[in-house]
Amino acid sequence: MKTTMGRVIEKAHERRVEAVVKQIREAQGTSQPLEFKKSSVPHFVPNPYKKPAPQIDLRPLKEILHIDPEEGICVVEPGVTFTELVKATLKLGFVPYVVPELKQITVGGAVSGCSLESMSYQHGGFHDTALEYEVVTGTGDVVVCSREEKRDLFEMVHGSYGTLGILTRITFKLHPAKRFVHLTYKHFPNFEGYWSYMQERFAAKDYQFIDGMIHSPDQFTLCLGNMVDEAPYVNRYDWLNIYYKSSQVLNEDYLSTHDYFFRYDAECHWITRTMPPLEWKPVRFAVGKFFLGSTNLVKWSNRLKPFFRMQKRPDVVVDVFIPGRKFEEFFHWYKEAFDFWPLWIVPYKTPTIYPWISDEHAARMGEDLLIDCAVYGKPNSEPDKDYSELIEKKTFELNGIKTLISRNHYDEKTFWDIYSRPRWESAKKTLDPDFLFGDLYQRFNPSNYQ
């Protein structure tokens, strides 16, 4: 039974959705795909240089609608950021099962852009913990889909990057939480020991969190974590201290649970390395609040777009997902072809291979254990070699998947060899028959980055 406050919150949400519906209906007949106006900064890397387009204002959709600690369920609007969400759920002793590592990533972005993190070796991506989506279609209708009702739409909204509809409400499961995270760092001098120990931990499931860093070809760190009630000390990595450097030398650490989830945010992993003074403590002390953090770094990159336009190519920032059986082959190739460190490593086991992947590519992948290998800031200015294209081709050769929120090079045939065109078009026909939200391939067409 809903409380009076619950009914008030629900009515306010309905009014916000009605405002979106009105904008969609007013935009009917627009020839150019719509863009979305949001409160958070986009985490496309690099952000495509787009032509001006009509915008749908989604900024009001940023409320936490309901947290049910008895059922372990949360309901939010898409603009809620994960730092806001974690603070709210922690007060009640819960956290989302999957918390992307940057503070200003939104729940809607985690669904449409396929977010994962260090609990993903057991729980998959954020979408795998979701129960229901409310979506405004390109015809201005409101559709509710779930694992029980309209499952084909539910599965395809995930990974659609806003090309099928506008998420307006997300319902998902919560995980019981404790106040702190105890981290154990295991260090290895070679890949074989690192990979073997990682697989042992997958089988044992004796840690809640697993991710790692390869600092160099002979320095590997595996970061293993469990939530705990007590901590003898607590470190923070949101200002003066740098997480990836500490993990290189420490054997253990304690963080508050909130700070653990966003331990990479201040550096945007290690993007600050591209501007060395930002890793100097006096500089961080003096101007850190203006420059540190993923949101600040993205904003500065947007301000510097005129300079980036003069570059031949932007630096490489990309996540690639390599089938577990191909991980060793990828590492040895990367060591020779890229030789850029650290490399962030996140194991990711999906409950099933997602329907938005084509049947042919799913068969080539052949397994549901993927290793996310993330590159942050590889210089890409060599005249005869484009490292962005090089890693994309190698990922395809190894039957992997590359995130689309990076610079793309796919021709249309290769793109639809990886992604399921029949299932995307089927969902498109139901949710956006007039292509008000554009085409998935065209959204990531390489011409957008030229």
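A residue is called buried when its relative accessible area is under 20%, exposed when that area is over 50%, and partly exposed in between (1.4 Å probe, protein chains only). The structure is a predicted model, in which local features need pLDDT of at least 70 and side-chain atom pairs count only at pLDDT 80 or more, while totals for chains, interfaces and linings use all residues. Residues are numbered from 1 along each chain as its sequence is written, and side-chain values use heavy atoms, with hydrogens and water left out.

S112 is found in helix α3; helices (H or I, at least four residues) and strands (E, at least two) are DSSP runs numbered from the N terminus. Leaving aside neighbours within four places in sequence, S112 is in contact (heavy atoms within 4.5 Å) with V157, G159, S160, Y161 and G162. Helix α3 also holds A110, which is buried with a relative accessible area of 0%. With neighbours within four places in sequence again set aside, the contacts of A110 are F82, P100, I105, S115 and F126. A110 and H158 are 48 residues apart along the chain, and their C-alpha atoms are separated by 8.7 Å.

Helix α2 (residues 82-90) comes next. Its residues F82, T83, L85, V86 and T89 are buried. They lie on the same side of α2, because they cover an arc of only 160° around the axis, the arc being that of the directions from the helix axis to the C-beta atoms. Among the elements that cover these buried residues are β3 (64-68), β4 (73-76), α3 (107-112) and β8 (166-176).

Now to a pair of helices. Two packed helices are described by the angle between their axes and the distance between the axes. The axes of α6 (residues 191-204) and α12 (residues 327-337) come within 11 Å and cross at roughly 150°. Axes here are lines fitted to C-alpha atoms, for helices over the stretch in contact, and angles run from 0 to 180 degrees between N-to-C directions. The crossing therefore makes α6 roughly antiparallel to α12 (under 35 degrees is roughly parallel, over 145 roughly antiparallel, 65 to 115 roughly perpendicular and the rest oblique). On the α6 side the contact is made by F191, E192 and W195, and on the α12 side by F327, E328, F331 and H332.
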